[in-house]
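Colleague: I have the sequence and the structure open. Could you take me through a few local features?

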Amino acid sequence: MTKAPHLMKNSLGYAAEPEANDGDVTLRPAESPFQQVRLEEGPAGRKPRPFLSRRNIIVYGTLIFVSLYYLLPLYVMIVTSLKGMPEIRVGNIFAPPLEITFQPWVKAWSEACTGLNCDGLSRGFFNSVQILVPSVILSIIIASVNGYALANWRFKGSETFFAILIVGAFIPYQVMLYPIVIMLREIGLYGSLTGLVIVHTIFGMPILTLLFRNYFASVPQELFKAARVDGAGFWRIYFQIMVPMSLPIFVVAMILQVTGIWNDFLFGVVYTKPDLYPMTVQLNNIVNSTQGVKEYNVNMAATILTGLVPLTVYFISGKLFVRGIAAGAVKG
Amino acid sequence: MDAATRPFRWHRNFSAKVAAIPMIITAMVVFVGGTVWTVVYSFTNSKLLPREKFVGLDQYERLWGSSKWLISLENLAIYGVFSLIFALVIGFLLAALLDQKIRFEDTFRTILLYPFALSFIVTGLAWQWILNPDFGIQHIVRSMGWESFTFDPLYNPDIVIYGVLIAGLWHETGLIMCLMLAGLRGIDEDIWKASRIDGIPMWKTYLFIVIPMMRGIFITAIVLIASGIIKVYDLIVAQTGGGPGISSEVPAKYVYDAMFLSQNLGQGFAASTMMLLTVVIIVVPWAYLEFGGKRQ
Amino acid sequence: METSISIKNLALSFGALDVLKDLNLDIGKGEFLVLLGSSGCGKSTLLNCIAGLLDVSGGQIFIGGRNVTWEEPSKRGIGMVFQSYALYPQMTVAGNLSFGLKNAGVPKAEVEERVNRAARVLQIEPLLSRKPAALSGGQRQRAAIGRALVRDADVFLFDEPLSNLDAKLRADLRVEIKQLHQKLHNTMIYVTHDQIEAMTLADRIAIMRGGRILQLASPNEIYNRPASKYVAEFIGSPTMNFFEGEIVSGDAVRFMTGERSFSLDGYAFGDAGLKTGPAWFGIRPEHMVAGEAAQEMPIRLDGQIELVEPLGSDTLVRILVDGQLLWIRLDGQAEISHGDAITVGFHPERANLFDKASEDRL
């Protein structure tokens with residue numbers, strides 16, 4: 001009968017506030033690089049090494065080299081998108097533009113042809129927004145209530161359904177593609193944005209439910225018990241106790257869903273029609289369309305434009321994004 | 001004082017049951033129902049529309065007789081093995097480097113992880129451009145004077161899958177690094193102190209103490225990469241379109257093409273069932289190790 | 001005494017695991033009952049069943065004469081205080097106190113009045129507008145008690161409320177809870193594993209083990225006449241000393257242990273009367289004396305001091321007698337040291353005899 005609140009090891013657990021009268025503060029020794037070296041080399045010790053030690057050169061050198069490699073594609077895309085076609089043909093993809101032009105961006109946004117129409121990426125962008133907003137909201141509402149029910153209101157069979165849901169997350173989408181086409185066709189939503197919203201909600205459910213369930217399970221059970229003694233029921237505890245204290249996990253779920261849904265290609269191409277294609281599908285059709293002369297600068301501008309939404313989310317959310325993917329990764 | 005009897009179980013917890021309806025429908029109808037449906041219809045000769053004319057293992061015979069399918073599998077195997085090995089090794093090495101209490105850790109991590117935020121379509125198109133032999137790396141090296149230099153993975157059927165691998169690794173290694181870093185941070189500081197006092201070299205501590213302690217993270221990473229590998233589709237569509245010819249086809253694309261382009265539903269069902277089988281072979285032993293052990 | 005809570009044949013099992021077994025308990029109105037036991041004994045489970053937070057597998061629970069076995073927790077007329085305080089982190093103290101009343105639809109003016117009254121009683125009025133994170137541990141627990149108080153409940157349930165506090169605060173709040181009980185006179189059920197809390201607070205203590213109540217009695221009774229060897233060992237620190245041996249009845253009733261024989265002249269046997277045969281003889285460290293006083297005791301033992309633990313007020317001494325270690329509590333100023341020879345003595349009327357097989361009190 002352990003009554004200590006069980007807190008999850010990973011950072012996603014509900015963090016109890018530190019005791020205000022907590023006297024036992026663990027003092028950690030300052031961890032500087034050379035202290036570590038000294039510890040390795042025994043008590044005799046050497047003089048602290050300069051910053052340019054062999055070890056530091058290896059560590060920072062490797063990291064800087066790898067970072068440059070990782071940044072390379074982004075850099076190449078940006079410089080290409082700012083060049084004119086003549087410059088691209090004669091020049092080097094790594095060279096900065098001699099003459100900066102924003103024409104490729106304008107063209108990518110509003111004029112580029114997909115082979116079916118020539119209104120550029122803008123159509124795909126607005127389709128993606130129309131898909132994204134309801135999908136994110138709906139999937140988070142459903143998954144959070146679900147996770148809450150699973151964590152605090154278990155009923156007979158609830159764990160079984162949850163297990164099936166999680167196992168379902170491992171089934172390749174391809175296996176379920178066509179049955180869902182039939183289901184959507186039966187309810188008249190095949191080829192519509194609503195249908196795609198439902199699909200995103202369904203496939204977001206396993207990971208989001210897991211995320212919320214684990215979070216709510218890490219909230220001390222006593223809080224939930226106290227609320228029940230206070231006469232709060234299922235919905236009141238959810239809205240007045242759980243949701244207000246779980247805002248970080250809602251943000252994590254939002255990050256996960258915004259990037260996931262925005263980046264989706266397969267569901268977009270399967271469940272919508274050409275004029276409703278999301279941005280990723282539109283982008284692929286523009287770049288890989290076989291008609292006409294390849295305009296690499298327009299293609300790269302279009303590619304960056306499509307990546308802009310998740311990249312913005314990524315750079316703004318910072319550590320929360322890492323928490324999100326860590327949560328998404330650590331199953332069970 | 002009279003005795004109360006246990007009330008009906010059904011209406012206790014009523015709200016929770018209502019709240020779970022979407023989950024139950026998703027689990028039972030879409031996941032279980034959809035999977036069973038596909039498996040059953042893989043034994044029919046459905047073409048443009050599903051038909052209940054059962055033809056036994058015909059579709060599977062045709063599938064295994066198709067060179068496109070065999071190439072798909074070969075590509076998946078090459079891509080899978082290499083991306084598993086490289087992602088784990090590079091991911092762990094990068095995490096170990098970042099765990100050296102370095103400055104600018106956040107900056108490095110942000111740079112290494114950003115590709116993961118991008119879609120496979122964007123990833124594929126970016127690398128398609130860099131690997132373009134007429135403008136990209138090959139062109140630059142040649143223009144520097146090495147005229148015979150050849151690096152055109154996307155245009156050479158023999159190595160095209162390695163071109164895709166480069167893009168795939170760029171996309172996912174950051175994720176693995178983050179997982180590994182979280183694992184390394186979860187290792188008790190005292191372990192390091194103890195190994196230093198015992199005079200164990202750092203690389204030995206990593207190899208014989210830390211990595212075995214991170215078994216769970218490694219398994220998670222492997223499962224994650226593996227389930228991602230099987231789903232590889234967008235990357236191929238964007239980067240190579242399956243070409244040149246059919247040399248970079250993968251099973252997920254085979255399924256899509258059969259179902260939605262060549263109106264050969266039965267083939268699509270059979271191929272997706274094979275994909276399911278592959279996942280079962282990977283996931284079941286893992287689930288057994290992870291959850292079967294706990295019950296004892 | 002009027003009964004406030006009555007528990008009949010209560011049982012609870014999780015799968016094959018029986019957590020509570022056929023448990024019966026009557027608690028009087030205004031009584032302070034402490035459920036005491038080591039972890040896993042079922043004491044918190046029992047409290048949660050009374051609160052309605054766990055569905056029982058069998059049996060009935062009555063509160064104030066009403067059968068509440070299947071009643072919602074909020075409709076049982078109880079207030080509850082938790083170990084981790086369980087304050088809603090996003091609400092102020094006032095919000096925490098009033099949450100239950102608002103849920104029950106109590107008019108706003110009355111809510112305010114009751115919150116203020118509770119805050120006055122607990123002296124937390126200045127904290128009402130603060131959030132739990134801005135409170136110290138003691139203040140949080142006071143706020144948590146306040147949340148139970150505003151409900152005007154007849155029954156208060158405490159689930160190890162002081163376990164998360166440091167020793168000093170624990171002692172202070174213990175006194176406050178006792179004063180609160182003296183002021184309010186409601187029924188209180190208090191779960192703890194701390195015998196000092198149990199002894200100081202309780203009108204009656206229920207000692208639990210393995211889902212059963214081993215003994216239900218006043219603190220004095222439990223201390224002086226523990227019903228079983230387990231209870232005897234559980235209460236008292238250092239724990240009771242035991243001798244293994246046999247009760248024989250010749251010309252006088254005696255307890256034979258090894259080469260020795262203790263007179264049992266003056267020991268009050270229970271209702272079953274004298275029973276000879278294998279038994280345990282227990283004597284508390286504080287019921288033994290040393291030095292001159294020992295010479296006047298019917299039973300004397302010679303030994304050697306093996307360990308001395310000075311506590312200031314008392315000195316705990318471990319002595320070695322014929323290969324057996326005994327704890328004895330001596331005056332704090334006693335001048336003794338390791339290795340000294342010592343004679344200790346005690347009277348059989350302070351002894352506790354337990355049957356060897358059943359470990360029940362004789």
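Colleague: In β10(C), which residue is the bridge partner of Arg209(C)?

Modeller: This is a predicted model, so take each answer as a reading of that model. Strand β9 (residues 204-209) and strand β10 (residues 212-217) of chain C run antiparallel and are joined by 5 bridges. The two strands form a hairpin with 2 residues between them, and Gly210(C) in the turn has a positive phi of about 55 degrees. In β10(C), the partner of Arg209(C) is Arg212(C).

Colleague: How many aromatic pairs are there over all chains?

Modeller: A pair of aromatic rings is described by the distance of the centres and the angle of the planes. Rings pair if their centres lie within 6.5 Å. Over all chains, the count by this rule is 65.

Colleague: Are the rings of Phe203(A) and Phe267(A) stacked or edge-to-face?

Modeller: Their centres are 4.7 Å apart and their planes are at 15 degrees. Planes under 30 degrees apart count as stacked.

Colleague: Is Trp37(B) buried or partly exposed?

Modeller: Trp37(B) is stacked with Tyr41(B), with ring centres 4.0 Å apart and planes at 20 degrees. The two are 4 residues apart in helix α2 (residues 21-41) of chain B, so about one helical turn separates them. Tyr41(B), with a relative accessible area of 11%, is buried, since buried means under 20%. Trp37(B), at 21% relative accessibility, counts as partly exposed.

Colleague: The charged end of which residue sits over the ring of Tyr173(A)?

Modeller: In chain C, the charged end of Lys229(C) sits over the ring of Phe242(C), 4.9 Å from its centre. For Tyr173(A), the charged end lies 4.5 Å from the ring centre and belongs to a residue of chain B. That residue is Lys231(B).

Colleague: How many residues of the lining of the second largest pocket are nonpolar?

Modeller: About 720 Å³ of space lies in this pocket. Of the 35 residues that line the second largest pocket, the closest to its centre are Asn284(A), Asn288(A), Ser289(A), Val237(B) and Gly241(B). Elements that each supply at least two lining residues include α14 (296-317) of chain A and α6 (120-130) of chain B. The lining has 3 charged residues and 15 polar ones, and the nonpolar residues number 17.

Methods:
Residues are numbered from 1 along each chain as its sequence is written. Chains are lettered from A and ligands numbered from 1 in the order in which they are written. This is a predicted model: local features need pLDDT of at least 70, side-chain atom pairs count only at pLDDT 80 or more; totals for chains, interfaces and linings use all residues. Side-chain values use heavy atoms; hydrogens and water are left out. Rings of Phe, Tyr and Trp (its six-membered ring) pair if their centres lie within 6.5 Å; planes under 30 degrees apart count as stacked, over 60 as edge-to-face and the rest as tilted. Buried means under 20% relative accessible area, exposed over 50%, partly exposed in between (1.4 Å probe, protein chains only). A charge sits over a ring if NZ of Lys or CZ of Arg is within 6 Å of the ring centre and within 35 degrees of the ring normal. On a 1 Å grid over the protein atoms alone, a cavity is a set of points where a 1.4 Å probe fits but cannot get out, and a pocket is an open set with protein on both sides within 12 Å along at least five of seven lines; lining residues have an atom within 4 Å of a point. Grid points are joined across faces, edges and corners, and a volume is the space filled by probe spheres set on the points. Ala, Val, Leu, Ile, Met, Phe, Trp, Tyr, Cys and Pro count as nonpolar, Asp, Glu, Lys and Arg as charged, and the others, Gly among them, as polar. Two strands pair if DSSP finds at least two bridges between them.
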